[in-house]
Amino acid sequence: QVQLVESGGGLVQPGGSLRLSCAASGSIFNFNPMGWYRQAPGKERELVAQIVSGGFIDYADSAKGRFTISRDNAKNTMYLQMNSLKPEDTAVYYCYAFTTKDYWGQGTQVTVSS
């Protein structure tokens with residue numbers, strides 16, 4: 001059973017940065033895709049960014065140019081570098097991975113507020 005644990009969330013002012021991490025309990029080599037979703041209060045969970053086979057990276061329009069997704073297979077960890085944060089980025093961010101089934105982390109809260 002794979003476990004995904006997010007960290008790095010918190011309170012940040014508009015324009016600030018955060019780096020989220022998603023640590024897996026085992027090897028992430030075969031995770032495909034692997035990505036980040038978020039869910040704001042009263043809204044549906046939405047894709048933020050994901051990495052698929054071959055290294056192809058897909059970003060939501062809201063994340064393009066500000067967020068960078070990466071993965072370190074040697075550390076069994078995926079990251080989301082978030083820059084130029086906006087209040088509308090406030091949400092719970094979830095790590096997601098698929099091998100033979102879906103795996104989700106417990107989420108980490110990101111709050112962008114002055």
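The questions and answers below go through a predicted model of one protein chain, from its overall build to single residues.

In this predicted model, local features need pLDDT of at least 70, side-chain atom pairs count only at pLDDT 80 or more, and totals for chains, interfaces and linings use all residues. Residues are numbered from 1 along each chain as its sequence is written, and side-chain values use heavy atoms, with hydrogens and water left out.

Q: How many helices and strands does the protein chain have?
A: Helices (H or I, at least four residues) and strands (E, at least two) are DSSP runs, numbered from the N terminus. Read along the sequence, the pattern is β-β-β-β-β-β-β-β-β-β-β. The count for the protein chain is 0 helices and 11 strands.

Q: What is the radius of gyration of the protein chain?
A: The radius of gyration is taken over C-alpha atoms, and the globule rule is 2.2 Å times the number of residues to the power 0.38. For 114 residues the rule gives 13 Å, and the chain comes close to that, so it is as compact as a globular protein of that length. The C-alpha trace spans about 40 × 25 × 25 Å along its principal axes. The radius of gyration of the chain is 13 Å.

Q: What share of the residues in the protein chain is buried?
A: Buried means under 20% relative accessible area, exposed over 50%, and partly exposed in between (1.4 Å probe, protein chains only). The protein chain has 114 residues, and the buried share of them is 41%.

Q: How far apart are the centres of the positive and negative side chains?
A: Lys and Arg count as positive and Asp and Glu as negative, while His and the chain ends are not counted. The place of a charge is taken as NZ of Lys, CZ of Arg, CG of Asp or CD of Glu. With 10 positive and 9 negative side chains, the centres of the two sets lie apart by 4 Å.

Q: Is threonine 77 buried or exposed?
A: Threonine 77 is placed in strand S8 (residues 77-82). Contact means heavy atoms within 4.5 Å, and threonine 77 touches residues including Ser21, Cys22, Ala23 and Ile28. Because its relative accessible area is 10%, threonine 77 is classed as buried.

Q: Which residue has its backbone oxygen 2.8 Å from a polar atom of the threonine 77 side chain?
A: A polar contact is a pair of N or O atoms within 3.5 Å; within protein, one must be able to donate a hydrogen and the other to accept it, and residues adjacent in sequence count only if both atoms are side-chain atoms. The backbone oxygen at 2.8 Å from the threonine 77 side chain belongs to lysine 75.

Q: What is the phi of asparagine 76?
A: Asparagine 76 is found in the loop between strand S7 (67-72) and S8. At 21% relative accessibility, asparagine 76 is partly exposed. Although asparagine 76 is not a glycine, its phi is positive, at about 55°.

Q: Where does serine 84 lie?
A: Serine 84 is not a glycine, yet has a positive phi of about 50°. Its relative accessible area is 41%, so serine 84 is partly exposed. Serine 84 lies in the loop between S8 and strand S9 (91-98).

Q: What is the relative accessible area of leucine 80?
A: Leucine 80 is found in strand S8. Among the residues it touches are Leu18, Trp36, Val48, Phe67 and Tyr93. Leucine 80 is buried, with a relative accessible area of 0%.

Q: How far apart in space are tryptophan 36 and glutamine 50?
A: Tryptophan 36 lies in strand S4 and is buried, with a relative accessible area of 0%. Tryptophan 36 and glutamine 50 are 14 residues apart in sequence, and their C-alpha to C-alpha distance is 6.2 Å.

Q: Which residue has its backbone nitrogen 3.3 Å from a polar atom of the threonine 108 side chain?
A: Threonine 108 is in strand S11 (residues 108-112) and is buried, with a relative accessible area of 10%. Its contacts include Glu6, Ser7, Gly8 and Gly9. The backbone nitrogen at 3.3 Å belongs to glycine 9.

Methods: Lists of a residue's contacts leave out its neighbours within four places in sequence.
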